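Subject: Handover of a structure, with notes

Dear colleague,

I am passing on to you the structure below, together with an account of what was found in it. Please read the notes with the structure open beside them.

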There are 4 protein chains.
Amino acid sequence: MRAAIFIEPGKIILGEKPMPVPGPKDALIRITLTTICGTDIHILKGEYAVKSGLTIGHEPVGVIEQLGSAVEGFEVGQRVIAGAITPSGTSNASLLGFHSQCGCHTPHGWQSMGGWRLGNTIDGAQADYLIVPDAMANLAVIPDGISDEQVLMCPDIMSTGMGGAEAGHIRIGDSVAIFAQGPIGLCATAGARLMGASNIIAIDNITERLDMAKHMGADHVVDFSRTDPVSEVMRLTSGRGVDVAIEALGQQSTFEGALRVLRPGGRLSSLGVYSNDLKIPLDAFAAGLGDHSIVTTLCPGGKERMRRLMEVVASGRFDSKALVTHHFSLDDVETAYDVFAHQRDGVLKVAIKP
Amino acid sequence: MRAAIFIEPGKIILGEKPMPVPGPKDALIRITLTTICGTDIHILKGEYAVKSGLTIGHEPVGVIEQLGSAVEGFEVGQRVIAGAITPSGTSNASLLGFHSQCGCHTPHGWQSMGGWRLGNTIDGAQADYLIVPDAMANLAVIPDGISDEQVLMCPDIMSTGMGGAEAGHIRIGDSVAIFAQGPIGLCATAGARLMGASNIIAIDNITERLDMAKHMGADHVVDFSRTDPVSEVMRLTSGRGVDVAIEALGQQSTFEGALRVLRPGGRLSSLGVYSNDLKIPLDAFAAGLGDHSIVTTLCPGGKERMRRLMEVVASGRFDSKALVTHHFSLDDVETAYDVFAHQRDGVLKVAIKP
Amino acid sequence: MRAAIFIEPGKIILGEKPMPVPGPKDALIRITLTTICGTDIHILKGEYAVKSGLTIGHEPVGVIEQLGSAVEGFEVGQRVIAGAITPSGTSNASLLGFHSQCGCHTPHGWQSMGGWRLGNTIDGAQADYLIVPDAMANLAVIPDGISDEQVLMCPDIMSTGMGGAEAGHIRIGDSVAIFAQGPIGLCATAGARLMGASNIIAIDNITERLDMAKHMGADHVVDFSRTDPVSEVMRLTSGRGVDVAIEALGQQSTFEGALRVLRPGGRLSSLGVYSNDLKIPLDAFAAGLGDHSIVTTLCPGGKERMRRLMEVVASGRFDSKALVTHHFSLDDVETAYDVFAHQRDGVLKVAIKP
Amino acid sequence: MRAAIFIEPGKIILGEKPMPVPGPKDALIRITLTTICGTDIHILKGEYAVKSGLTIGHEPVGVIEQLGSAVEGFEVGQRVIAGAITPSGTSNASLLGFHSQCGCHTPHGWQSMGGWRLGNTIDGAQADYLIVPDAMANLAVIPDGISDEQVLMCPDIMSTGMGGAEAGHIRIGDSVAIFAQGPIGLCATAGARLMGASNIIAIDNITERLDMAKHMGADHVVDFSRTDPVSEVMRLTSGRGVDVAIEALGQQSTFEGALRVLRPGGRLSSLGVYSNDLKIPLDAFAAGLGDHSIVTTLCPGGKERMRRLMEVVASGRFDSKALVTHHFSLDDVETAYDVFAHQRDGVLKVAIKP
């Protein structure tokens, strides 16, 4: 079968691999649609290390082809998705609710980011077929009448972005600022809207993304290349600051901006993947006396999470398709990587069809 | 092998059963210690229906004898316990954190009390051997240096009782009243103490239980056969009422008492298994305007829960052995039922050794 | 000045009262708009007792006429609202966050419903002028560009209804059923929508109210005079039940229906003012083992709550004006009571202008 | 009257001031006991700026001498304490529950650390008499039978330290590490014990403080001058890390240590007053993907907080007197500062009697 394979930093190719065989708790999925994530670009660039020969991708939409001998409750032929994070459900971390930090099948039970396996520690979704591990915890049946493309954002982007809004504990009437409006940030903006924030301020420097932020529910957009975002957010909140700030890029500037716009007692929800140590400026942190919270979220996974996100899509509350700007066949996956990695042509997310 | 088998209401006998064979996700445990629960007495009396021929019991301590083919992370010979509730970890309910309401292997994923399988829908622990379903989610290794008897309360009584304190969201400085001081109520009292309540009022009518309540951490005890518990709790809280009231019997009188002693905005944590409709008196409920909460808890299970409770026991914070007042061999299980069902001889909990 | 005065059960009249004089912590407000609440009808009917001679009403919109000597931070002439509940902010209950159960100026600090003073224990808002007690905690300035009518629902109906959604802890992707679609229930429906529920089911038997429920965000409406609401909700949730059910009428039937449609582990948020003892059916309550929660909410008050709700109105997320179906002058307040009490002419809420 | 007055960095003297006169919402307290806080040493050293001439101190125990004209619910002669933080109760911040960030009487309502007024923005407690602002929210009556010395830790040290445990959301069975065992850290250790942690690890380099940590409830103590605390905590948690780490010093080393010992999904509760920017190391932060939380807490205040802490003291759960190692008269306050600032003679906390 065909697969997008990581060879070495700078090189992901379309190659051939043997058909995988599911173990007793696995499912074999025929991929019908998948996409490329910003994290995949980190892998491509060598900023996040995976072993050579690994199939990349962690956002699968497909059809059940074969079920492991110990898998109950599903049937061959069902249309399904699985989350980017595929927790075991049975580890100590999972049982305590930290599915993304699931030690999966280690005796220990806890491992940082241990729930992220697809395209990280085992072969991923940018291929003709995919093994979904711990299938009973991870296969989520797509509701009738919902297209593959509509649910393509559920496995990662939507789960992560809305997870950032949820981790911010947004309440009705909150002011919320979201720093960066890439796909994750846009979903965080949509999540803030879904949760009842009444003053949503989205920050980026790309006009198309700011326009999309408005479409996703932002009340105000700030182009940080024209306006200082911290002072603008303070102005838009009458000097009060926001209840919740969401960081969606993974850089010092966005992290620090998010901290500086918080009201005393506010909450910084961080979604970005950082590449460097972070600095917490003493003044922005009120010397540790501001009753601030800083929380980080790794994409929530598991079939119940996917079921809920697909219900949101089905309800029409969230225009998931608006984020898919480009379509490619799996044969053209290398081109897709090129377009996505260089943000050519106003790309937000690409759809890849085997 | 020997097993305590439910035949019909009024009749649980020691019988013979074939050795069970574990499925791929199961573990076979050789039981080294178990006990009888108040719920087993409901089964015995026919108040809770199970099918004839079922092995009773849901509080296993034992040694791993055999592991299913798909079970990883454990070894034959390890000393383990499993909770009374054995969630799959992989159902929708489990993944959302409601392990006790786990639909286990139904496609639907949710089922009221679905996590309770041992001695309810599958054979239980009062036997020489036990199948633990979904072993990876449910086997919890006993720490070195801790005896079987020390952990015997973990699978149900301690998990339920302390779960009632936890569901009450007890905070440092809270006043808490616990209605009924059977084994569950005593563990709720201990839980209130563990969580930082500063004014703990335990209510029962049996002197030995009230004495044990003091041992478990109660500041005050109230014998309801001598004093009206509602007015006494109000007196002991200077007319303010308690922040949290815990119901630990399953009757209208204890439920209503718990509601009547709540301060406005207080929380009633209900643990009892009720046999009849409940009445919420209009005045006690402030006509629905008192910002009250009523929460119910079914015994939390799963291996992480068990690991934590065993850590509490190992820390010396909770004197679990004090609750085990009587010892029997499995051959004498019928006598054990008789003593426990009729609360003879000051019995709190019995230990049964195969 | 003119005031709507309760004389005796069945009799509220427009009478004359002397101009009130504010104490040091009070503010005197010239009322510019107010409304009648369902609770006022309970008072009119004698179902809720207040003393004869009391001015009724607890939903004030007005202008600051005079400030008490100890009041800082406000100016005469500012347009303001105050919540139906006027907590002191300084009682033990308030300081712990239970503002509605504020004992206000009692040494004790806690009193069931103690935060409700306007039109209950002190003169209310259906008058030319109103004393707002503890003005510093309760005056909320109306943002520029927002009309009196737009904020008329904030003091009670919107705060209570959305408070019911909040107390339900609604999450993105939840299914929610709301029993009864009077003004409070409609606001609860709007609140469920604001908080991200993806499957909102509104229940009533009046076509206009069901239509308004759709306008407020319901995905499905159920006319209980034509369809059994419990089985219909179960059907609309594929047999799973709802995550959160909101009771918004105060009767056994709605309370019981709400309980019966809950999934295991679900949450019943009760808003109604009950007139009788409630029954919790054993089966609906899973004998106390369903991990259910039942929570009640009295209208949240205080100036920060009002500020937030006015921000929601200003954001355009909630069409508050749609609920105001009828307009009266204060001189016609007796007619207004007649129309509202008998739900004539499709009335939802009336606006009364002094 | 006598007062400890800040003159300039390095100079706090005992001076004379006129008797203060309470405003309408104030109370005048005759101080019977007070103490010096680490924050006062920051003021003395010029690390935290206050205006010259200010009376220092924010930990008052005393007797009501006079009540402002608008104060209800108290009587002259009552023995009381007030918290170090004296929220108004009526600001937006207070009404939302962020009392320490109370903007008190600003129209805005929010101000970082705005609740801290005593010995910061108004005259403090190290004097013969003290004005307690917003007396109705802040005077807490000492229970009969409890000595001044027993409640001396309530206004700040105990509230802050236990607040750190509370902000850590410690649960039954948690592992908790506390970095630094000064008075605040010791109270955090006691708080962890009160909340049910089963594995409490206290870290410092002073033997007497480590001994006191055991007295306060630590299961293990680590002398960081002899052992690397991070690897030792990992060893004591079998490589799992702690659920909650508490920082109680305000330095990079303790902050970073606390982060490094967290399990994935763990929570860092920060109490220290920092003097420099902080660094979050990329690896310790799992690049932002570890589901970590970092929370800061400023001493919770208000009379309900004080009431609860005094109940804890009265219950005998917390040996508050053990922390008071030295006694001075107000006349010797300069000596007391010298002893406390230089940590002479094993001092933990000093008691100062006017």
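In what follows, two residues are said to be in contact when they have heavy atoms within 4.5 Å of each other. Please also keep in mind that this is a predicted model, and that the values given below are computed from it.

If its neighbours within four places in sequence are left aside, the residues in contact with Phe74(D) are Ile64(D), Leu67(D), Ala135(D), Met136(D), Leu139(D), Val141(D) and Lys303(D). Phe74(D) has a relative accessible area of 14%, and because buried means under 20%, it counts as buried. Between the C-alpha atoms of Phe74(D) and Gly89(D), which are 15 residues apart along the chain, the separation is 17 Å.

Turning to chain A as a whole, you will find eleven helices and 16 strands in it. The radius of gyration of chain A is 20 Å, close to the 20 Å that the globule rule gives for 354 residues, so the chain is as compact as a globular protein of that length. The C-alpha trace of chain A spans about 60 × 45 × 40 Å along its principal axes, and 68% of the 354 residues of this chain count as buried. Of the contacts in chain A between residues at least 6 apart in sequence, 67% join residues that are at least 24 apart. The accessible surface of chain A comes to about 11000 Å², and 50% of that belongs to carbon and sulfur atoms.

An unreviewed UniProt entry carries the annotation "domain: Enoyl reductase (ER)" for residues 10-348 of chain A. In the model, that span is 27% helix and 21% strand, and its end C-alpha atoms lie 21 Å apart.

Asn199(A) lies in strand 9 (residues 199-204) and, with a relative accessible area of 8%, is buried. Apart from its neighbours within four places in sequence, Asn199(A) is in contact with a set of residues that includes Asp174(A), Ser175(A), His220(A) and Leu236(A), and also Glu311(C) and Arg317(C) of chain C. Ala180(A), for its part, is found in the loop between strand 8 (175-179) and helix 6 (183-194) of chain A, where it has a positive phi of about 95 degrees although it is not a glycine. Ala180(A) counts as buried, at 9% relative accessibility.

In chain C, a positive phi, of about 55 degrees, is found at His169(C), which is not a glycine either. His169(C) belongs to the loop between helix 5 (154-167) and strand 8 (175-179) of chain C, and at 48% relative accessibility it counts as partly exposed. Arg235(C), in contrast, is part of helix 8 (residues 229-236) of chain C and is exposed, with a relative accessible area of 56%. From C-alpha to C-alpha, Arg235(C) and Ser88(C) are 46 Å apart in space, and in sequence they are 147 residues apart.

With kind regards

Technical notes:
Residues numbered from 1 in each chain as written. Chains lettered and ligands numbered in written order. Predicted model: local features only at pLDDT ≥ 70, side-chain atom pairs only at ≥ 80, totals over all residues. Heavy atoms only, no water. UniProt positions renumbered as here; feature names shortened; annotations may be inferred. Helix = DSSP H or I, 4+ residues; strand = E, 2+ residues; numbered from the N terminus. Rg over C-alpha atoms; globule rule 2.2 N^0.38 Å. Buried < 20%, exposed > 50% of the residue type's maximum accessible area, 1.4 Å probe, protein only. Areas by Shrake-Rupley, 256 points an atom, 1.4 Å probe, with all protein chains shown as cover.
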